[in-house]
Amino acid sequence: MTSFSPPAPISPDAIPLADRQRLLAELDAMLEQVNTLMARFEATGFTIAMRDDYVALHRLQARMFDEREQHRRALVAAGVAVPDQNL
């Protein structure tokens, strides 16, 4: 039986700018989906009935905002104009 070794983590500095721009676009699309789902939870009153899921959505949203901000800052530092999204 062969053992599996996970790949070494990629240094954030090693991510090409084009990949960062693609990641930003994907994170923006995912954030819109999460925001829509959270609004549905709120509109239907499921924030209480499905509290754990609702809290998990908030945690996911926070992680995505953090990831987005890291990539945005790296692009700005490289001189790439990045619009600031109000998601």
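**Helix packing and salt bridges**

Author: In this predicted model, helix α1 (residues 17-44) and helix α3 (residues 51-77) have axes that come within 9 Å and cross at roughly 155°.

Reader: Why is α1 called roughly antiparallel to α3?

Author: Angles over 145 degrees count as roughly antiparallel. The axes cross at roughly 155°, so α1 is roughly antiparallel to α3. The crossing of these two helices is left-handed. By class, their contact has 17 nonpolar, 6 polar and 7 charged residues.

Reader: What makes the contact of Arg22 with Glu26 a salt bridge?

Author: The cut-off is a side-chain nitrogen within 4 Å of a carboxyl oxygen. The closest N and O atoms of Arg22 and Glu26 are 3.0 Å apart, so the pair forms a salt bridge. Both residues lie in helix α1, 4 residues apart, about one turn of the helix.

Reader: Which residues are linked in a network of salt bridges?

Author: Glu69, Arg72 and Arg73 are linked in this way. Glu69 meets Arg72 at 2.8 Å, N to O, and Arg73 forms a salt bridge with Glu69 at 2.9 Å. Arg73 and Glu69 are 4 residues apart in helix α3, so about one helical turn separates them.

Reader: How do you know whether Arg72 is buried or exposed?

Author: Buried means under 20% relative accessible area. Arg72 has 18%, so Arg72 is buried.

Reader: And what makes Arg73 exposed?

Author: Exposed means over 50%. Arg73 has a relative accessible area of 56%, so Arg73 is exposed. Glu69, at 24%, falls in between and is therefore partly exposed.

Key. Residues are numbered from 1 along each chain as its sequence is written. This is a predicted model: local features need pLDDT of at least 70, side-chain atom pairs count only at pLDDT 80 or more; totals for chains, interfaces and linings use all residues. Side-chain values use heavy atoms; hydrogens and water are left out. Axes are lines fitted to C-alpha atoms, for helices over the stretch in contact, and angles run from 0 to 180 degrees between N-to-C directions. Angles under 35 degrees count as roughly parallel, over 145 as roughly antiparallel, 65 to 115 as roughly perpendicular and the rest as oblique. A crossing is left-handed if the near helix is turned anticlockwise from the far one by less than a right angle, and right-handed if clockwise. Ala, Val, Leu, Ile, Met, Phe, Trp, Tyr, Cys and Pro count as nonpolar, Asp, Glu, Lys and Arg as charged, and the others, Gly among them, as polar. Buried means under 20% relative accessible area, exposed over 50%, partly exposed in between (1.4 Å probe, protein chains only).
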